[in-house]
Amino acid sequence: VYKRQDVTSGGMPPYTYMWDFDNDGVWDSTDQNPTWVYHTAGEYTVKLTVVPFRCVPKTVTKTITVASPGTGTPGYWKTHPEAWPVDEITIGGVTYTKDVAIDFMWENKSKDVTYIMFRSLVAAKLNLLIGNDASCIMDTITAADEWMATYGPVGSGVKAGGKTSPWRTGEPLYLELDAYNNGLLCAPHRS
């Protein structure tokens, strides 16, 4: 989120303000003190043109750096619904509303490993959607989504034990998602 306080001086009021927050040549705001939300970490060029009444316009260009928001664990996401950037999420080809997904994240059915995979996959997808680097985890997210499509949906009763348990292929995916969600891979953890 970028907030700017106007410090205009000189010229004759009233002033006209023109903000370009994404450097595309299109004015994004004409407010004096606007707020702009960047959804991805990175460097951005912000341009402000102020036109005083009957005077020459003045343009100022600044580069700002937006830091990565940091990853959240399933525990974070299930207790911070206001931080979700979406109202629905698709896991294993099934679309869940935010409320239903959060309800499933609260379930403590440890003998059914689809709940474990579901929680970690939801968190990883939300961490990606808020702008965290996911270059190290995209293949795992895709594979975990395929695993849920094959052995899910959540609540399907998949058990962890046995030589033929699907969890033998699911657990390594879960462990990598867990490491990502805890900030141990390519994106830092929330501070």
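This report walks through the overall build of the protein chain and then a few of its residues.

## The big picture

First things first: this is a predicted model. The protein chain contains five helices and seven strands.

How far does the chain stretch along its principal axes? The C-alpha trace spans about 80 × 30 × 25 Å. The radius of gyration tells a related story: the protein chain has 23 Å, while a compact globule of 191 residues would have a value near 16 Å.

Of the 191 residues in the protein chain, 38% are buried.

Taking the contacts with a separation of 6 or more, 62% are between residues 24 or more positions apart. As for charge, the protein chain carries 16 positive and 21 negative side chains, and the centres of these two sets sit 5 Å apart.

## The disulfide

A disulfide is a covalent bond between the sulfur atoms of two cysteines. This structure has one disulfide. Which cysteines form it? The partners are C136 and C186, with 2.1 Å between their sulfur atoms. The link is left-handed, with -70 degrees about the S-S bond.

The bond joins distant parts of the chain, as its two cysteines are 50 residues apart. C136 is in the loop between α3 (113-129) and α4 (138-151), whereas C186 is in the segment after α5 (167-181).

Are these cysteines buried, exposed or something in between? C136 has a relative accessible area of 29%, so it is partly exposed. C186 is also partly exposed, because its relative accessible area is 23%. Another cysteine to look at is C55, which counts as partly exposed because its relative accessibility is 32%.

## The loop between α4 and α5

One is P153, which lies between α4 and α5. The peptide bond from G152 to P153 is cis, and its omega is near 5 degrees. For background, most peptide bonds are trans.

The other is G157, which lies in the loop between α4 and α5 as well. With a relative accessibility of 34%, G157 counts as partly exposed. Which residue 45 places away along the chain has its C-alpha atom 4.8 Å from that of G157? That residue is D112.

## A loop residue with a positive phi

Now move to the loop between β2 (15-20) and β3 (35-36), where you'll find N23. N23 isn't a glycine, yet its phi is positive, at about 55 degrees. Most residues other than glycine have a negative phi. N23 counts as partly exposed because its relative accessibility is 43%.

## T90 on strand β6

T90 lies in strand β6, which covers residues 88-91. Its relative accessible area is 34%, so T90 is partly exposed.

What does T90 touch, leaving aside residues up to four places away in sequence? T90 is in contact with T95, K125 and D145. G25, by contrast, is 35 Å from T90, C-alpha to C-alpha. In sequence, T90 and G25 are 65 residues apart.

How values were computed: Residues are numbered from 1 along each chain as its sequence is written. This is a predicted model: local features need pLDDT of at least 70, side-chain atom pairs count only at pLDDT 80 or more; totals for chains, interfaces and linings use all residues. Side-chain values use heavy atoms; hydrogens and water are left out. Helices (H or I, at least four residues) and strands (E, at least two) are DSSP runs, numbered from the N terminus. The radius of gyration is taken over C-alpha atoms; the globule rule is 2.2 Å times the number of residues to the power 0.38. Buried means under 20% relative accessible area, exposed over 50%, partly exposed in between (1.4 Å probe, protein chains only). Contact means heavy atoms within 4.5 Å. Lys and Arg count as positive and Asp and Glu as negative; His and the chain ends are not counted. The place of a charge is taken as NZ of Lys, CZ of Arg, CG of Asp or CD of Glu. A disulfide is a pair of cysteine sulfur atoms within 2.5 Å.
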